[in-house]
Amino acid sequence: MTATAAEQNHLSPTSHPQRWLILGVICLAQLTVLLDNTVLNVAIPSLTRELDASTADVQWMINAYSLVQSGLLLTAGSSADRYGRKKMLITGLALFGIGSLVAGLAQSSAQLIAARAGMGVGGALLMTTTLAVVVQIFDDAERVKAIGVWSTVSSLGFAVGPLIGGVMLDHFWWGAIFLINIPVAVLGLVAVARLVPESKNPTGDRPDLLGALLSTIGMAAVVYAIISGPGHGWTSGQVLLTAFTGVAVLTGFVLWELHIPYPMLDMHFFRNQRFVGAVAGAILVAFGMGGSLFLLTQQLQFVLGHGPLEAGLRTAPLALSVIVLNLAGLGARLVPRLGTPVTIASGMGLLAAGLASIALLGRDGYGGMLLGLVVMGAGIALAMPAMANAIMSAIPPEKAGVGAGVNGTLAECGNGLGVAVLGAVLNSRFAALVPTAVGAASLPAALAAASGEGERQRITDAFASGLETSQLVGAAAVLVGGLLAAVLLRRAERGESAQADPAAVAA
């Protein structure tokens, strides 16, 4: 007797008593992928020295990974739905492990860039299949808690990458930051093969090859424009042409998806206000988190005078507060009591308050910054699991891989936009206060070119003022986004209630 689609896609907890062990395995795989988004930043001096890497080489070493990963997320999610999430998870782990080995043993900049791109392919498969598997093996009662654990790992990987990189580089050569991934990948392969149940879309949609190509090119072009904007200038021909190409190709992708019987991404999802509300919130949480950590590392090093490892340690309270609150199940308990809209609005309100606290209280010391980091962590712990659950709940279970791809794509774009937009605000404010320093490539260069102690102090004060302004802009954007997401989600819930019980609404 064949299992129904519901049985294939909603595997009950009693059927899979090892679901929490499975969650631990896939979260370990997820952690290595996320660490590699940020771990390379602290190795830049070593790479420049030992591989004779130019500034452009270093940028490509860092960006090749996130560029390939973000471009392939939707395609990876669709492939997991069609061909099997377990198969794609194993493939992703194998590619990620091989890429890590090649990266760790690279003898030139070109070899490392190619290895990072290969790791990005594996990372895209892992990012989408881990969340899709979580949706498959947990029922509605436990899913919010499980996604909370998954979100904890996401926040942890993003926040502690520079810290782990700093510790590794204190004891080993730069290649060790990649080779440490290999035992994790091998352990993950064995555990996934033994524990994770296979699941896929039972309807067997035809592959959307043109849609996959268009989404990959379009997303890669848009993300490249966001990444290169601060360095090349937002009005440069290279950035404008790349951004225009990305938007044009994505427009073609949308039109194509609307007119084929088996779309990779069903555009009708965007008619669902629950989906749109969660999407808006997810982008702005990633915007606030990515932009704030980018600014914080500069504030700690350039304004407060800490080294890279010390700066990494001082950002750790953000990750620790997320971990403690998510593992305590705070979000999972509050969502049923407060509802998804209020939980997301509260979380994003706390995230905005944390950013404002860092801007207003963190300028002259670490105490105000510590308070802001803890409050930000509380906001992320509330908002992120609720939003990921809202996105995945709005998408049919057989499309869980695509839903995870959407979620991952939003996080990548939000992080990039946060760095780009808040960095641009910082640079504009700094240039307005100290016009003489505009030609300098960085704050240290501006300080080195200063004629005396008074001018150096004025440049440092202007940079701190720029940081404060950009953090307040980020806080305002996150707060507005939280309110918008809450309103859309509340409307969606009312619409669903009206369809379920029209007599009650009429009464």
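A crossing is left-handed if the near helix is turned anticlockwise from the far one by less than a right angle, and right-handed if clockwise. The model toured here is predicted, with local features requiring pLDDT of at least 70 and side-chain atom pairs pLDDT 80 or more, while totals for chains, interfaces and linings use all residues. Residues are numbered from 1 along each chain as its sequence is written, and side-chain values use heavy atoms, without hydrogens and water.

Select helices α5 (residues 85–104) and α6 (residues 109–137), which pack at about 150° with axes 7 Å apart; axes are lines fitted to C-alpha atoms over the stretch in contact, and angles run from 0 to 180 degrees between N-to-C directions. The pair is therefore roughly antiparallel (over 145 degrees). The crossing of α5 past α6 is left-handed.

Next, select Phe 253, Leu 265, Phe 275, Ile 344 and Met 348, the residues with the most contacts inside the largest nonpolar core, which has 57 residues. Such a core is a set of buried Ala, Val, Leu, Ile, Met, Phe, Trp, Tyr and Cys residues joined through side-chain atoms within 4.5 Å. Elements giving two or more residues to this core include α12 (273–303) and α17; α12 gives the most, with 12 residues. A second, separate core of 56 residues includes Cys 27 and Val 134.

Finally, select Leu 426 in helix α17 (residues 400–433). Leu 426 counts as buried because its relative accessibility is 1% (buried means under 20% relative accessible area, with a 1.4 Å probe and protein chains only). Beyond four places in sequence, Leu 426 touches residues including Leu 295 and Phe 463 (heavy atoms within 4.5 Å).

Notes. Helix = DSSP H or I, 4+ residues; strand = E, 2+ residues; numbered from the N terminus. Buried < 20%, exposed > 50% of the residue type's maximum accessible area, 1.4 Å probe, protein only. Parallel < 35°, antiparallel > 145°, perpendicular 65-115°, else oblique.
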